[in-house]
Amino acid sequence: MDKNGQIIEREKGLARKLSQRQLTMIGLGGAIGTGLFMGSGIAIGYAGPGVLLSYLIAATIALIMMYSLSEMAVAHPTAGSFGTYAELYLSEWLGFIVRYTYWAAQSIAIGGEAVAIGVYMTFWFPGVPVWMWTASFGAAIIHANTRSVSSFGSLEYWLSAIKVMAICIFITAGLALIFGIGHAAVGFGNYTADRGFLPHGFAGVWMGVLMAIFSFYGIEIIAVTAGETQDPKIAVPRALRTMIVRLVLFYGLSLAIMLAIVPWAEAGAKGVTQSPFVKVFAYYGFPYAAAAMNFVLITAALSSMNANLYLCARMLFSLARGNFAPAAFGQLNRQGAPVRATLVSSVGVLIAVLTSMFSSSAYHYMFGVALGGGILVWLIILASHLSFRRHWARNDLGTLSFRAPWLPWPQYLGIFLLTAILVTMGFDREFWNVGIISVTVWVMVLGSAYCLRNVLRSLRPKS
């Protein structure tokens with residue numbers, strides 16, 4: 001067996017019990033979380049109504065990345081996913097870096113979602129500290145992820161279904177308000193009422209892209225679940241197509257309706273204390289609808305936490321199977337779940353609890369850190385795909401059953417835009433630069449750890 005075959009073989013053992021239906025909803029669950037429901041307020045504050053362009057740019061990058069990743073996932077359905085592909089087609093060092101970076105970024109993102117849940121709960125219980133809700137809901141999600149993958153899939157399916165149904169209701173009710181069905185027509189005057197469609201110019205639109213790109217962060221879960229999907233060659237491409245269409249419709253229509261109903265200056269408050277989706281209902285005097293929407297927001301954040309913890313556990317499992325992490329994290333329980341990897345991956349919840357106890361800006365900083373790591377991962381995915389396709393053609397390995405279109409130009413565009421986002425983050429003095437600083441330090445630490453690992457391995461007596 002060649003090296004490629006050995007790397008793929010070592011990650012076997014996970015149960016293939018996820019259906020295409022679950023796969024699609026899991027993908028939506030990973031992507032539709034606080035990035036849309038809560039983070040959209042930050043993006044609107046930057047760009048005003050021009051945030052629609054911000055999300056269009058972010059969606060383009062996400063689409064390019066997902067086509068690249070799905071092509072590799074169909075060819076190599078493994079739990080390590082893009083970490084394994086980076087190891088196969090770039091270098092062992094980059095495979096090491098991308099898996100640990102993604103694990104750390106998603107762990108922080110889990111904590112960010114937990115903080116968001118705590119903020120949502122203050123809608124009903126303003127006197128209870130955010131950190132208490134963060135800890136309680138975090139413990140519940142950790143428990144859910146220590147069960148079988150089929151149980152995880154069922155839970156994620158229904159959590160995702162609730163928020164998808166709620167978005168559909170929101171879109172229907174919003175369109176009725178805009179066009180005057182059972183209510184005085186709101187119209188689209190708010191798009192230009194306050195300093196026009198681009199109140200902060202294209203610079204504001206570009207800053208909105210920073211939050212918008214994070215809204216799509218998590219869709220790569222479809223490729224990671226390929227290692228536990230019943231028929232990845234059919235399920236992954238189908239799930240990709242349906243999920244991308246739904247995401248574009250959900251994000252685009254939801255934001256367009258929100259901006260038509262509520263003045264952007266109110267929807268885009270910088271101090272995140274309430275979701276702009278709740279404001280839509282509260283603005284028109286529907287308190288019970290606002291409470292119901294707040295429940296949906298909590299469900300959405302729980303769904304995103306659930307999906308992200310799944311991702312983290314599989315990355316750590318892959319690292320352990322590749323001898324990059326303690327072997328205990330590569331062990332499975334009787335139900336086929338990597339319980340120890342799951343428990344260690346929940347460290348982000350602990351960080352979230354501590355951060356939310358001492359800082360009201362916990363949500364901003366945690367997502368700044370997670371975004372920096374996420375963009376680095378997406379860059380390596382695109383680079384891996386370019387190398388993967390060259391390797392496939394050079395070795396005449398046959399026809400790929402799923403192919404990303406127009407290669408390599410979309411990949412080059414994606415790399416350019418992601419690099420530009422990183423540069424922009426570096427110049428921002430509010431909280432985005434925290435992501436650049438933390439990722440830079442993190443990569444330096446990982447690089448040192450990788451070199452030390454290799455030195456220690458070389459000193460071991462050969463059998």
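Select Asp194 to begin: at 28% relative accessibility, Asp194 counts as partly exposed, a class that lies between buried (under 20% relative accessible area) and exposed (over 50%), as computed with a 1.4 Å probe on protein chains only. Arg195 counts as exposed, at 54% relative accessibility. A salt bridge here is a side-chain nitrogen of Lys or Arg within 4 Å of a carboxyl oxygen of Asp or Glu, and by this rule the count comes to four.

The model on screen is predicted: local features need pLDDT of at least 70, side-chain atom pairs count only at pLDDT 80 or more, and totals for chains, interfaces and linings use all residues. Residues are numbered from 1 along each chain as its sequence is written, and side-chain values use heavy atoms, with hydrogens and water left out.

Select Glu87 and Arg99 next. Their side chains meet in a salt bridge of 2.5 Å, N to O. The pair links distant parts of the chain, with Glu87 in helix 6 and Arg99 in helix 7 (residues 92-121), 12 residues apart. Helices are DSSP runs of H or I with at least four residues, and they are numbered from the N terminus. Are Glu87 and Arg99 buried or exposed? Both Glu87 and Arg99 are buried.

Move to Glu92, also in helix 7, and to Arg453 in helix 20 (residues 433-459). These two residues form a salt bridge whose closest N and O atoms are 3.9 Å apart, and the partners stand 361 residues apart in the chain. Arg453 is buried, with a relative accessible area of 14%, whereas Glu92 is partly exposed at 29%.

**Backbone features**

Most residues other than glycine have a negative phi, and most peptide bonds are trans.

- Ser81 has a positive phi of about 45° although it is not a glycine. Ser81 belongs to helix 6 (residues 81-89), and at 0% relative accessibility it counts as buried.
- Trp406, another residue other than glycine, has a positive phi near 60°. Trp406 sits in the loop between helix 18 and helix 19 and is exposed, with a relative accessible area of 71%.
- Leu407 and Pro408 are joined by a cis peptide bond, with omega about 10°. Pro408 lies in the loop between helix 18 (362-394) and helix 19 (409-427).

Two packed helices are described by the angle between their axes and the distance between the axes. Axes are lines fitted to C-alpha atoms, for helices over the stretch in contact, and the angles run from 0 to 180 degrees between N-to-C directions.

Display helix 5 (residues 51-75) with helix 19: they pack at an angle of about 130°, with their axes 9 Å apart. The two helices are therefore oblique to each other; angles under 35 degrees count as roughly parallel, over 145 as roughly antiparallel, 65 to 115 as roughly perpendicular and the rest as oblique. The contact (heavy atoms within 4.5 Å) is made by Ile61, Ile64 and Ser68 of helix 5 together with residues of helix 19, among them Pro410, Gln411 and Leu417. The residues of this contact divide into seven nonpolar, three polar and no charged. Ala, Val, Leu, Ile, Met, Phe, Trp, Tyr, Cys and Pro count as nonpolar, Asp, Glu, Lys and Arg as charged, and the others, Gly among them, as polar.

Which residues meet here, in helix 10 and in helix 19? Trp206, Met207, Val209 and Leu210 in helix 10 meet Leu417, Ala420, Ile421, Thr424 and Met425 in helix 19. This contact divides into eight nonpolar residues, one polar and no charged.

**Phe152 and Asn306**

Finish at Phe152 in helix 9 (residues 149-179), a residue that is buried with a relative accessible area of 2%. Leaving aside neighbours within four places in sequence, Phe152 is in contact with Ile26, Asn145, Asn306, Ala307 and Tyr310. Phe152 and Ala307 are 155 residues apart in sequence and 8.7 Å apart in space, C-alpha to C-alpha.

Select Asn306 last, in helix 15 (residues 287-321). Asn306 is buried, with a relative accessible area of 1%. Not counting residues up to four places away in sequence, Asn306 touches Ile141, Ala144, Asn145, Phe152, Leu155 and Glu156.
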